[in-house]
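Here is a short report for a first look. Take a moment with the sequence and the model before reading on.

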There are 2 protein chains.
Amino acid sequence: MKALWLEHQRLSIRDIPKPAPAPGEALVRVLFAGICNTDLELMRGYYPFAGVPGHEFVGEVDGERVVGEINAACSECADRKHCEHRTVLGIKNRNGAFAEFLTLPKENLHVVPKSISTEHAVFVEPLAAALEIQEQIAIGAEARVLVVGNGKLGTLVARTIPGIVTLAGRDTVVAEKSFDIVVECSGNPAGFEIARRAVRPRGTIVMKSTYAGDLTLNMSSIVVDEITLVGSRCGPFEKAIDLLARGGVKVADMIEATYPLDKATEAFGRAQRRGAMKVLVQCRQ
Amino acid sequence: MKALWLEHQRLSIRDIPKPAPAPGEALVRVLFAGICNTDLELMRGYYPFAGVPGHEFVGEVDGERVVGEINAACSECADRKHCEHRTVLGIKNRNGAFAEFLTLPKENLHVVPKSISTEHAVFVEPLAAALEIQEQIAIGAEARVLVVGNGKLGTLVARTIPGIVTLAGRDTVVAEKSFDIVVECSGNPAGFEIARRAVRPRGTIVMKSTYAGDLTLNMSSIVVDEITLVGSRCGPFEKAIDLLARGGVKVADMIEATYPLDKATEAFGRAQRRGAMKVLVQCRQ
């Protein structure tokens with residue numbers, strides 16, 4: 001089958017063997033896959049992954065459209081998402097979605113309801129990640145919330161989060177110590193600094209992005225101001241599907257471009273442009 | 001009056017004017033004051049404070065024994081502890097307790113009940129700081145809790161926290177990813193590393209100590225493991241007084257030594273010894 005292959009920080013289109021599902025796994029024909037910032041970081045070599053990247057997708061199994069949770073745990077683990085031996089689709093020890101086919105445990109798959117268009121279903125995974133915030137902390141309708149990073153993830157977060165939401169880009173001037181909750185979606189230390197300055201004493205910073213390398217911070221000021229930092233990753237697929245199905249969040253305007261699988265390297269080029277929103281790869285030819 | 005004076009990282013006993021209480025403030029005759037790690041850090045120059053250090057004390061006003069909350073806010077602030085213009089007893093823009101007298105707003109003072117001995121009342125402030133943890137997070141009886149740092153604060157925290165508590169020193173070998181909650185009381189990066197390794201995915205690290213300089217950490221792993229970091233400072237005096245009054249926490253064995261005020265520099269020397277517990281200074285001659 002055709003697949004996008006990442007190795008030594010280089011992307012190429014290759015012909016690789018069609019994957020054989022292990023017991024309990026499904027073979028998924030990929031329809032569309034989306035490029036996430038994590039994919040761009042993989043490309044920059046921040047994680048030691050070689051293989052097929054891609055973890056946001058919509059595919060087809062037995063004529064039904066499906067999306068899939070990306071963490072595949074060992075058989076003994078109750079907490080799939082945090083199993084120490086997990087594989088992660090297109091990120092860790094498991095080939096991902098920029099290919100004609102992928103495999104995932106059947107239990108990871110969710111059927112896509114008719115009311116969600118195929119392209120929009122690619123947003124289920126990042127939308128679930130955005131909704132994870134509300135699984136972790138309570139956000140009242142009166143909460144003053146700042147979202148730092150006006151890219152793909154930040155925009156989804158801003159569109160789903162309750163409260164009085166401000167979305168800040170790189171150059172937005174933000175009032176100091178004024179926000180009850182700040183969601184850091186930029187994934188860079190400058191974004192963290194904006195978050196740190198914007199949060200009020202006793203406030204919460206949700207860390208929604210991974211960082212290249214270590215982050216250095218003034219922990220004493222976190223202690224003195226009694227700030228809470230919450231690491232936040234993948235989230236509830238059911239809720240994301242439900243929200244999309246009932247039109248509770250707009251995603252149509254977030255699709256920047258769609259490329260066929262054999263132009264996937266160009267798709268990555270497009271996704272790396274500053275300010276780029278979601279770039280899709282159509283994997284079924 | 002006699003006072004311990006800190007300037008350019010040097011301590012000396014000086015004769016300084018007896019403080020004059022501002023409107024709304026009380027003049028407190030200090031009976032005992034305790035040496036906290038923050039005092040040792042002030043001495044090492046980590047904060048730009050010059051004046052009388054000391055913020056753990058028991059004193060006397062109009063024949064009554066009192067303890068006092070250390071944050072003095074401006075008149076407009078509802079949140080005394082986090083007022084941006086606050087002064088902090090013996091830490092920031094306000095002379096502290098290693099002296100014959102100190103001043104504090106009357107509203108900061110709490111009467112010490114008869115059942116608490118005068119020396120033990122010095123523990124109200126650090127005990128309140130330990131109890132602050134439970135103001136911020138819920139800790140079930142079944143929670144596996146690790147306290148990192150077996151000094152003064154760590155010991156108080158371990159004695160007050162519910163759950164199944166393990167107290168770890170510098171060389172304790174701790175099982176990885178095994179604790180629901182880790183309370184970091186060591187105030188050094190090595191202690192933070194122990195905490196980080198010991199906490200389970202989705203667990204909480206409570207940051208109870210300030211750090212010299214910045215702390216560098218792998219924030220991506222905090223995100224991936226969905227760890228919560230909670231900064232925690234001063235706490236509820238009422239609850240600390242109540243706990244001491246009903247004998248709910250043992251502190252008698254935590255007093256390392258008591259020195260008279262004119263030997264306060266020696267008291268600091270004693271407090272700096274590795275493994276030292278609470279050193280008291282008797283301020284009334």
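Which side chain meets that of Asp180(A) in a salt bridge? The partner is Arg200(A), at 2.5 Å from N to O. Keep in mind that this is a predicted model.

The pair links distant parts of chain A. Asp180(A) lies in strand β12, Arg200(A) in strand β13, and 20 residues separate them. Asp180(A) counts as buried, because its relative accessibility is 14%. Arg200(A) counts as partly exposed, at 26%.

Over all chains, the structure holds 38 salt bridges. Another one joins Arg202(A) and Glu226(A), with the closest N and O atoms 3.6 Å apart. Arg202(A) sits in strand β13, Glu226(A) in the loop between α6 and β15. They are 24 residues apart. Arg202(A) is partly exposed at 37% relative accessibility. Glu226(A) is buried at 3%.

In chain B, Lys81(B) and Glu132(B) meet at 2.9 Å, N to O. Lys81(B) is in the loop between β6 and β7, Glu132(B) in helix α3. Here the separation is 51 residues. Lys81(B) is buried at 12% relative accessibility, and Glu132(B) is buried at 5%.

Shared partners also build a network. Salt bridges join Asp79(A), Lys81(A), Glu132(A), Arg202(B) and Glu226(B).

## How the copies fit together

A rotation of 180°, with 0.0 Å of shift along its axis, superposes chain B on chain A at an RMSD of 0.0 Å. The two copies are therefore related as by a two-fold rotation axis. In chain B, the C-alpha nearest the axis belongs to Thr216(B), 2.0 Å from it.

The copies meet through the same surface, because 100% of the interface residues of chain B are also interface residues in chain A.

Key:
Residues are numbered from 1 along each chain as its sequence is written. Chains are lettered from A and ligands numbered from 1 in the order in which they are written. This is a predicted model: local features need pLDDT of at least 70, side-chain atom pairs count only at pLDDT 80 or more; totals for chains, interfaces and linings use all residues. Side-chain values use heavy atoms; hydrogens and water are left out. Copies are superposed by least squares on the C-alpha atoms of residues with pLDDT of at least 70 in both. Contact means heavy atoms within 4.5 Å. A salt bridge is a side-chain nitrogen of Lys or Arg within 4 Å of a carboxyl oxygen of Asp or Glu. Helices (H or I, at least four residues) and strands (E, at least two) are DSSP runs, numbered from the N terminus. Buried means under 20% relative accessible area, exposed over 50%, partly exposed in between (1.4 Å probe, protein chains only).
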